[in-house]
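Subject: Structure handover

Hello,

Please find the structure below, with the sequence. My notes on what was found in it follow.

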Amino acid sequence: MSLLRLRDITVSFGGPMLLDHLNLTIEKGDKLCLVGRNGSGKSTLLKTITGEIKPDEGLIESSGNIKIARLEQDVPDTGAGSVFHVVASGLGDIGPLLDEYNKITHDVAEDPSESNLNLLESIQRKLEAQNGWELQQRVDTTLSKLSLDGDMQFSDLSGGVKRRTLLAKALVQEPDLLLLDEPTNHLDIESIQWLEEFLASYQGSLLFISHDRSFLEKLANRVIDLDRGQLSDWPGSYQNYLRRKQEQLEAEEKQNALFDKRLSQEEVWIRQGIKARRTRNEGRVRALKTMRQERSERRNVQGKASFVTQVADRSGQKVIEAKNINFTYENNPIVQDLSTLILRGDKIGLIGPNGVGKSTLLNLLLAKLAPQSGTVELGTNLQIAFFDQLRDQLDESQTVRQNIGEGSDSIDVNGQTKHVIGYLQDFLFTPDRANTPVKALSGGEKNRLLLAKIFSKPSNLLIMDEPTNDLDIETLELLEELVSSYTGTLLLVSHDRTFINNVVTSTLVFEGNGKIGEYLGSYDDWIRQRPKGNQSAAVKTVKKKEAKAPSTTKLSYKENRELESLPKEIEQHEIRTEEIHSLLADPKIYQDSPDNVNKLQAELASVEKSLEIAFERWEFLEAKQENAG
């Protein structure tokens, strides 16, 4: 039986149905990517599956009491408690008890008083009564798998590590079905690649929403498309989906054109006057009414955005020249001895982990921030447009229309006057939506509005800091075409590998300790050219900056027990690994028990993964004990 089956699910919030008698089957081991335009109802579908939204009609059937966990699209800015507390809360009622045990073990290590020891003993008894030790081990294993420090405060983490913590909260439940809503948003390339590898080996079923084409290409074995309330299912790769979806849309367009032609002919016939009425066929009249009803209920394909950049006068040949610039912040070198020459028409991608200093480098190159040594010289006749990932240029209290018009009902676009409402429709804002306050817009709508704002003025130097977040794939591809054909100079910060590949002609890459390498070509070209080990060096720099756990903290009571038990656990994993290798080396098994081969190979992968995790945890605890002296 299928893991989960949705039958005729309908959800509406007063307007057109978001989910219109929708059907979906999820099998064990499926890795499904859900695609669709912004606002089409993708997040609503995930919430319907978890029961957060009750469908107006339809049924959700499952094979037994399956566990479902969901990682939300938005990451909270703040949150109380430690990483351990957040992850353990995924276990429900026993989570607070585990969290309490985690705290008291730290207290006992610092103050082994009688009261603390009595409290520790009391909590241990409660855990034993509720199978708590197994759940405690599950939390510790999950933290280790995701390279998380349970003692760190959640509110102190970067956005990427917060998202990883929330993923751990979902995974600790050991769900049969894991739902992920835009899991790569605000993650750097290193974190995205880590997540790809982790989810590729994930044993449960997976349903995820993503606009990252490289990510979904590597993970999805089925693409499901939510379009005008209906789901279509496309087995195979993303490229296969794109090809067949286009064929479907072309066939639908032809069918609609034939239908409209027939309807037009029938409307002419019904209006032919008295002569036609005498010969009127009542069946034909009823058929015409049916056709009218069908036409009124048709939901046409949503229009595409139509971005246009305003062309400014050409800048000088030299746009930016940096000579031996250096910048250090809190004893961390951000830029070290960088020299580069940016010429008119260059399209340069800035690549590096979150927190490494990409925005700082942009400000240095634009002379908004002075280098501590070295020089930066800007070229002549520069007109700069800046897409800021924080969207500081948008006034949240004003309407969409006011943000673009700035007090006027019209704007000039390449020498032609255009009404603000008409201009906004090119960016998929209806007249009603144009009068909406910016604070009420979704993340994707805010990004489109910011694009509309920066493209409403002429420029010859375009700075784009994470422009792809929250955009649906169709809008993303249109932006890609626009930026590729931009005649000015481009500086791009992005973690979207496909976008970088299709747009830039060279890259500036943060390689660790302030060193920035310059490479010709796109992201893939850099991967081929980079010196071995540079990628990890950049990551280590950021991790060193972000890590807030005290390196000299003593091991807790719980960690001491874990450190003592790990060698035996590692030994057991090694013994079982050798046993499985020995069994698989016997040729007879492939003839006598072919079914056993798959089981043994799956067990081998699981045991090797557990062994790797145990080794990493043992090394971490050993290092922590050594640092504590």
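Helix H7 covers residues 189-200; helices here are DSSP runs of H or I with at least four residues, strands are runs of E with at least two, and both are numbered from the N terminus. The expected span of a helix is 1.5 Å times one less than its number of residues, so the 12 residues of H7 should span 16 Å. The end C-alpha atoms of H7 are 16 Å apart, which agrees. Its buried residues are Ile189, Ser191, Ile192, Gln193, Leu195, Glu196, Phe198 and Leu199. Buried means under 20% relative accessible area, exposed over 50%, and partly exposed in between, with a 1.4 Å probe and protein chains only.

This is a predicted model: local features need pLDDT of at least 70, side-chain atom pairs count only at pLDDT 80 or more, and totals for chains, interfaces and linings use all residues. Residues are numbered from 1 along each chain as its sequence is written, and side-chain values use heavy atoms, with hydrogens and water left out.

Helix H6 (residues 159-171) passes the same kind of check: its 13 residues should span 18 Å, and its end C-alpha atoms are 18 Å apart. H6 is mostly covered, with 10 of its 13 residues buried. Those buried are Gly160, Lys162, Arg163, Arg164, Thr165, Leu166, Leu167, Ala168, Ala170 and Leu171. The cover over them includes strand S5 (68-71), helix H2 (83-88), helix H5 (132-145), strand S6 (177-181) and H7. Contact here means heavy atoms within 4.5 Å.

Next, a helix pair. Helix H3 (residues 95-110) and helix H4 (residues 114-129) pack at an angle of about 150°, their axes being 10 Å apart. That makes H3 roughly antiparallel to H4. Axes are lines fitted to C-alpha atoms, for helices over the stretch in contact, and angles run from 0 to 180 degrees between N-to-C directions. Angles under 35 degrees count as roughly parallel, over 145 as roughly antiparallel, 65 to 115 as roughly perpendicular and the rest as oblique. Among the residues making the contact are Leu97, Tyr101 and Ile104 of H3, and Leu117, Leu120 and Ile123 of H4.

There is also an open sheet of six strands, in the order S14-S17-S18-S12-S19-S20, with mixed pairing. Two strands pair if DSSP finds at least two bridges between them. Strand S14 (384-387) and strand S20 (516-520) stand at the edges with a single partner strand each, so one side of each has no neighbour in the sheet. Neighbouring strands of this sheet are turned by 15° against each other on average, direction ignored. Strand S19 (residues 506-510) runs antiparallel to S20, and five bridges join them. One of these pairs serine 506 with leucine 520 in S20.

Finally, some single residues. Lysine 446 lies in helix H16 (residues 443-455) and is buried, with a relative accessible area of 13%. Leaving out residues up to four places away in sequence, lysine 446 touches Arg391, Leu394, Glu396, Val438, Lys439 and Leu441.

Arginine 228 is not a glycine, yet has a positive phi of about 55°. Arginine 228 sits in the loop between strand S8 (222-227) and strand S9 (230-235), and is buried at 18% relative accessible area. Glutamate 466, also not a glycine, has a positive phi of about 55°. Its place is the loop between strand S17 (461-465) and helix H17 (473-484), where glutamate 466 counts as buried at 7% relative accessibility.

Regards
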